[in-house]
Amino acid sequence: MADSEQTDAEQSVDVLLAAAGLDVPVEERQRLAQLYPALRKSADRFYTVDVGDEVPAAIYRAGEVGA
Amino acid sequence: MSTTTAPWTIETAGAALRAGEVTSVQLVTEAQAAADQLDEQMGTWLARFNETALARAAEADAELAAGNDRGPLHGIPLGIKDIIATDEGPTTAQSLILPPEWGEQGDGPVITRLREAGAVIMGKTTTMEFAIGRPDFSKPFPIPRNPWNLDRWTGGSSSGTGNGVASGQILGGLGTDTGGSVRLPAAYNGISGHKPTFGLVPKSGCVPLGMTYDHIGPMARSAWDCAAMLNVMAGADSTDRTTVERPATDYLAALDLDLSGLTVGVVANASIGQASHEATIAVFDEAVGALAGAGATVTQVEVPLYGELANGAFLALQAEAFAWHRDHLAARWSDYGRPTRLTIAHGALISAGDLVQIERVRQVARRKVVETMDAAGVDVLLSPTTGYAATPFTGADPKALFTKALHTPAWNSTGSPALSVPMGFDPDHLPLGLQIIGRPFADDTVLAVGHQYQQLTDWHVHRAPHHG
């Protein structure tokens, strides 16, 4: 089970890094893959919080083009 | 710098300047001598502006002699973290990556304000690469070391400003704080450091890390010194759309606070104790006891969604950093330090939906924190700044390296003001920090509590073994 999870993590990391245009050496890809399940678990935890219809903080002001 | 037992503070140096006991040229000359003596072993500076600093100090002295007093920062030597551009240049972000032309933009609004207040810019201080990661011995940059023990790190990422103040090479300076990078080096080096409310101080002219988590903040010996700097730094600017138009606050005037009318809430979440050394908790309890002894009412407060606020800061800042760095990472992966590139690359592994959800939780949590403080009737929250004192470069207790041992990032998510002040020492005689957290834009209350604590204690003026 652990091996298949690791394989899944490596595959996911390889795909995501490639999609981002990053050519990462094998050893460092493996390091990121080792950490990926914990990152995924941490991110998934945010979906368990009841936020109702809350909206993100990013503000879009039509017509404002900055300084 | 000072020949007395207690090192200079901005407050005491300013009083001496006005009493004619010292000149700005003398302060700057002594600071430069301290840097000459200490920099090679301390790793404080990436660039020093000796000639322009001395010229500015001479101008400051002439102005004072002519009766033109610009205020508490007049003639005071300050250091600037090298992710903030200044006219003298260069800016490197302690990286091989940042294009030289980035630093050519010159002073941002905070630097302009400090200069107009009479401050003397001494140079650019060391950081972690792009204000993230840990010391990287493989890159051609100084390794910042702790003046309390050179085998220990300064904390980061505002490392050089932290050890520069603690070792007497500057009286204050600027740091930036995305997950604790003002407060962590303040705690590790035994000085004070304030992360202002998000939107209070403009960030223009600063290399971004996590755009919605970044703050520029003052670092100095005391809360008084930080308040003097914040008086100058605060205020909206059109070049930073996240700044908020508000009536000006006199943070120095607000320091005169009666603790007997105050209620402080000790952050009671179990993760604080679980991720702190028992010696840290003992010192923290003494600090809380000092405030209680001066009349403050103490209560316990469970901060809602505390873990999400802390984890969200780390996840989202990685995504925001990745957005800024993607093209450079793709083109020049190996020119980044390993800790930096791996941390930022995590941002490529977080989905767009994840980031939106983190932001939604952040909004809810921010609201709940204020509601909880209101319900408990507390003016400020308290926690240790970090669970452990400064870590060694090798052989650190793994628990001290966990991100959970940093009790700072939750307050980057909320944008709350948070001050770290020295609260004592661990068994190895390394400094520990007390973190004081307030409601958004209640920076005056936070600084006042820190100042009142420093009227009860003298931890902030202890002299490190390596001091100029």
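A residue is taken as buried if 20 or more other C-beta atoms lie within 10 Å of its own, as exposed if 12 or fewer do, and as partly exposed in between, with the C-beta atoms placed from the backbone. On that count, 16% of the 67 residues of chain A are buried. The model is a predicted one, in which local features need pLDDT of at least 70 and side-chain atom pairs count only at pLDDT 80 or more, while totals for chains, interfaces and linings use all residues. Residues are numbered from 1 along each chain as its sequence is written, with chains lettered from A and ligands numbered from 1 in the order in which they are written.

Helices here are DSSP runs of H or I with at least four residues, strands are runs of E with at least two, and both are numbered from the N terminus. Where chain A meets chain B, 26 residues come from chain A and 29 residues from chain B, contact meaning that C-beta atoms, placed from the backbone, lie within 7 Å. On the chain A side, the elements giving two or more residues are α1 (2–19) and α2 (26–45), and α2(A) gives the most, with 7 residues. By class, this side of chain A splits into 19 nonpolar, 3 polar and 4 charged residues; Ala, Val, Leu, Ile, Met, Phe, Trp, Tyr, Cys and Pro count as nonpolar, Asp, Glu, Lys and Arg as charged, and the others, Gly among them, as polar.

Turning to chain B, 11 strands make an open, mixed sheet in the order β1-β3-β2-β6-β8-β7-β12-β13-β11-β9-β10, where pairing takes at least two DSSP bridges between two strands. At the edges sit β1 (45–48) and β10 (297–301) of chain B, each pairing on one side only. Neighbouring strands are turned by 30° against each other on average, direction ignored. Strand β1(B) runs antiparallel to β3 (residues 120–125) of chain B, joined by 3 bridges, and B:R48 stands opposite B:G123 in β3(B). Across β1, β2 (77–81) and β3 of chain B lies helix α3 (residues 50–65), running at about 155° to β3(B); such angles run from 0 to 180 degrees between N-to-C directions, with axes fitted to C-alpha atoms, for helices over the stretch in contact.

Further into the strand order comes β8 (residues 216–220) of chain B, with 5 of its 5 residues buried. B:I216, B:P218 and B:A220 point one way, and B:G217 and B:M219 the other. Antiparallel to β8(B) runs β6 (residues 172–176) of chain B, held by 5 bridges, with B:G175 opposite B:G217. Strand β7 (residues 192–195) of chain B is also antiparallel to β8(B), through 2 bridges, and B:G193 has B:M219 as its bridge partner.

Among the helices of chain B, α5 (residues 159–166) is mostly covered, 8 of its 8 residues being buried. After α5(B) comes B:G168, with a positive phi near 80°.

Helices α10 (residues 306–332) and α12 (residues 352–376) of chain B have axes that come within 10 Å and cross at roughly 140°. The two are therefore oblique to each other, given that under 35 degrees is roughly parallel, over 145 roughly antiparallel, 65 to 115 roughly perpendicular and the rest oblique. Residues in contact include B:L309 and B:L315 of α10(B), and B:I358 and B:V361 of α12(B). By class, that contact has 8 nonpolar, 1 polar and 2 charged residues.

Conventions: Two residues are in contact if their C-beta atoms, placed from the backbone, lie within 7 Å.
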